[in-house]
Amino acid sequence: MLYRRTLTREMGLTAGAVLTVLVAIALVVLFIRLLGDVARGELANEAVFVFLGFSLLYFLPVLMTIALFAGVLLPLSRMWRDSEMVIWFGAGLSLTQWIRPVLTFAVPFSLVILFLTLALNPWMQIKKSEYSQEIKSRSENALVAPGLFAESGAGQRVYYVESLNPLTGIVRNVFMQSRIDGQLGLVVAREGIHTQLPDGSRYLVFRNGRRYEGTPGQLDYRIVQFERYWMRLDPVATGARETSIRQMSMTELLDDASPPVRAELLWRLGVPISALILAVMAIPLGFVNTRARRSYGLVVALLLYFVYNNLLSLSQAWVAQDKLNPWVGMLASHLLMLSAVVVLFYLRSRQHSPRRRRP
């Protein structure tokens, strides 16, 4: 019992530390990717942190699976290095007796992953789609990105701003081209700012600039110099809300027998199942040669994880393309890895059995 309590506590601390590191890395990678979308004018500035949360939540089940795998593997490897496993085997206990405490720790972890994949992530996808539609329906100033030309209004307007003050919302050195009823208009201003009136109408206010109006190829251009130029920004029509398989609830997935839906169901159930199998697989993989102080099991564990993850992805793709039966795709990769678990337990138990050590 002392070993089990110590192992459970160490597994919890290790899994928490690994998950924290993985989440930090994922946040940095996703944040850089979203900043690139903002720089290209594909995403509004105020949507960065919201989309960052949505993206992190989508990848969280995979991160938790890796954290659980490492949380079981690393403490057991330490016990091998510190010769604690020698005491365990010397007491007449077998390696399979670690399965129960490991599953006691892993099952709640896997249930959380199951909740994320089956309930929370579909809800998150719906909210993400609704928020995307809301961002698209906002005023056109959300499309303006410093240093880039941004097109809006179905090609009726093109913007360019040199710089943007994120605290005040003021843009410097503004250029805007608009085409209304075939007439070209150009606005050049020193600065501009977005303004919303109490009645909810939105305007882009240019200051200290000029407006050129006319028809290309003709000389009858009109030049207007202004101190302030108000241009109303109408909401953008976004149409119906986009729907995808990722937004479907568990009930909807079970009622639909189409291959893409079955593939999505395979993935949602496969991630928590793989977390349990990997947690048990980590027991024999934690072996460390106490004489050489080396652990080839860590390398094998890394390879097995990537093989398992690729098998799940491959099965999902084949089921979605109707090249593989859904039940075969659901069971094949898990049964294959369960077979690998049985083989690893057999090899480790046979290697450290009392009969093999008997002279």
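A residue counts as buried under 20% relative accessible area, exposed over 50% and partly exposed in between, using a 1.4 Å probe and protein chains only. This is a predicted model, in which local features need pLDDT of at least 70, side-chain atom pairs count only at pLDDT 80 or more, and totals for chains, interfaces and linings use all residues. Residues are numbered from 1 along each chain as its sequence is written, and side-chain values use heavy atoms, leaving out hydrogens and water.

**Val29**
- Val29 is partly exposed because its relative accessible area is 42%.
- Val29 lies in helix 1 (residues 2-39); helices are DSSP runs of H or I with at least four residues, numbered from the N terminus.

**Nonpolar cores**
- A nonpolar core is a set of buried Ala, Val, Leu, Ile, Met, Phe, Trp, Tyr and Cys residues joined through side-chain atoms within 4.5 Å.
- The largest has 59 residues, and Leu68, Val72, Met281 and Leu285 have the most contacts inside it.
- Helix 2 gives the largest share of this core, 17 residues.
- A second, separate core has 11 residues, among them Tyr159 and Val187.

**Helix 2 and helix 6**
- The axes of helix 2 and helix 6 come within 8 Å and cross at roughly 10°; axes are lines fitted to C-alpha atoms over the stretch in contact, with angles from 0 to 180 degrees between N-to-C directions.
- Helix 2 is therefore roughly parallel to helix 6, a term for angles under 35 degrees.
- Residues in this contact (heavy atoms within 4.5 Å) include Leu68 and Val72 of helix 2 and Leu285 of helix 6.

Key:
Helices (H or I, at least four residues) and strands (E, at least two) are DSSP runs, numbered from the N terminus. Angles under 35 degrees count as roughly parallel, over 145 as roughly antiparallel, 65 to 115 as roughly perpendicular and the rest as oblique.
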